[in-house]
Amino acid sequence: MRITVLAGGVGAARFLRGLVAAAPDAQVTVIGNTGDDITLHGLRVCPDLDTVMYTLGGGINSGQGWGRADESFTIRDELAAYGAGPAWFTLGDRDYATHILRTELLAAGRPLSEVTRVLCERWRPGVRLLPMTDDTVETHVTLKASAGHSGEGVAPVVHFQEWWVRLHAAVPAEAITPIGAGTATPGPGVLDAIAEADFVLFPPSNPVVSIGPILAIPGIREAAEAKTVVGVSGIIGGAPVRGMADACLAAIGVETSAAAVAAHYGPRLLSGWLVDDQDKAAADDPACAGIAIRAMPLYMRDVDSTASIARAAIELAQELA
Ligand code: FO1
């Protein structure tokens with residue numbers, strides 16, 4: 001069975017652990033979001049690719065969902081001693097090795113897809129991890145010009161990571177834009193992975209900043225629309241399970257509810273949608289017409305409960321295919 005998953009963020013990585021447990025014989029291809037990528041101290045950091053690679057490869061700091069386990073922070077502290085920021089984005093010593101090697105290979109002219117394959121040779125995540133594109137895409141956030149701003153100054157734009165990590169998405173966003181997505185080309189193997197899949201899954205990732213940038217790459221949404229796509233809601237009872245998807249959804253004028261996110265993806269793209277029991281009313285919501293809704297416990301408490309969710313997604317996809 002060939003399954004292709006569009007993934008970004010901690011929720012996706014945790015879902016993937018359950019998916020590989022539920023379908024150990026499946027060939028799983030993960031199309032990873034690179035809109036979160038940032039260059040710090042001259043090093044290219046790819047949070048959503050690394051979270052999948054570390055989580056499935058056994059190196060993740062599982063409490064945080066990002067970064068390495070058993071970390072130390074000597075480099076961070078030494079840089080801070082020089083006053084070399086940003087202090088708000090923590091990179092551990094072990095994690096630095098990934099960014100150093102990635103940057104070295106990129107500087108030698110190797111595309112991100114090839115660099116990711118090289119890094120995965122060490123981690124053996126058990127899935128094929130493909131960047132959504134080898135082109136540079138960075139999500140930037142236009143902050144609402146607060147009443148306190150003097151004059152007509154242009155609303156400041158910050159890198160997604162600054163909005164997410166330093167500002168905790170607490171400053172309302174006017175717009176969230178995957179810069180470069182519109183002119184980017186799907187990475188090697190991406191369109192084939194979608195076309196050749198038995199079905200496509202959307203894990204409980206942030207629909208705006210994790211799945212959104214992937215779908216914004218010309219050709220990817222269209223390729224997925226031709227397939228059976230089943231998604232798992234990351235919103236339960238009107239709130240994101242983790243992260244701050246509510247702040248992102250507000251930025252695009254979408255209500256923070258399981259039904260609203262399904263409607264946001266739309267019935268042309270989404271064939272099925274798993275919601276938590278608390279949100280089973282979505283099945284009767286006219287906004288979700290054309291999307292098969294199934295309700296079940298959606299909290300990913302551990303690998304077993306996550307595997308149950310993954311199994312339900314597979315079964316729904318097979319039913320709809
Ligand atoms: N998230 C934080 O809240 N604080 C951090 O200092 C931080 C550092 C960091 C370093 C490497 C990495 O791969 C991820 C990191 N993250 C941090 C998480 C990151 O902001 C998110 O995982 C994604 O970009 C959003 O899904």
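**Note on salt bridges and pockets**

1. Arg44 and Glu138 are joined by a salt bridge, with their closest N and O atoms 2.8 Å apart. Arg44 belongs to strand S4 (residues 43–45) and Glu138 to strand S6 (residues 138–143), so this pair ties together parts that are 94 residues apart in sequence. The model is a predicted one.

2. Both partners fall under the 20% cut-off that defines a buried residue. Arg44 is buried at a relative accessible area of 14%, and Glu138 is buried at 17%.

3. The count of salt bridges comes to eight. Another of them pairs Asp77 with Arg76, the closest N and O atoms being 2.9 Å apart. Here Asp77 is partly exposed, with a relative accessible area of 40%, and Arg76 is also partly exposed, at 31%.

4. Glu114 and Arg110 form a further salt bridge, at 2.7 Å from N to O. Glu114 has a relative accessible area of 25% and is partly exposed. Arg110, at 31%, counts as partly exposed as well.

5. The largest pocket holds about 910 Å³ of space. Its lining is made up of 49 residues, and those closest to the centre of the pocket are Gly9, Val10, Trp66, Trp164 and Arg242. Two or more lining residues come from each of helix H1 (9–22), helix H2 (47–57), helix H6 (160–166), helix H8 (207–215), strand S11 (235–236) and helix H11 (258–265).

6. Within that lining, H2 gives the most, with five residues. Sorted by class, the lining of the largest pocket comprises 28 nonpolar, 14 polar and seven charged residues.

7. For the second largest pocket the volume is about 160 Å³. The residues that line this pocket are Ile176, Pro178, Pro207, Val208, Gly212, Pro213, Leu215, Ala216, Arg221, Ile252, His264 and Tyr265. Strand S8 (173–179), H8 and H11 are the elements that each supply two or more of them.

8. H8 is the main contributor to the lining of the second largest pocket, giving five residues. By class, this lining has nine nonpolar residues, two polar and one charged.

Definitions and conventions. Residues numbered from 1 in each chain as written. Predicted model: local features only at pLDDT ≥ 70, side-chain atom pairs only at ≥ 80, totals over all residues. Heavy atoms only, no water. Salt bridge = Lys/Arg side-chain N within 4 Å of Asp/Glu carboxyl O. Helix = DSSP H or I, 4+ residues; strand = E, 2+ residues; numbered from the N terminus. Buried < 20%, exposed > 50% of the residue type's maximum accessible area, 1.4 Å probe, protein only. 1 Å grid on protein atoms, 1.4 Å probe; cavity = no way out; pocket = protein on both sides within 12 Å on 5 of 7 lines; lining within 4 Å. Points joined across faces, edges and corners; volume = space filled by probe spheres on them. Nonpolar A, V, L, I, M, F, W, Y, C, P; charged D, E, K, R; others polar.
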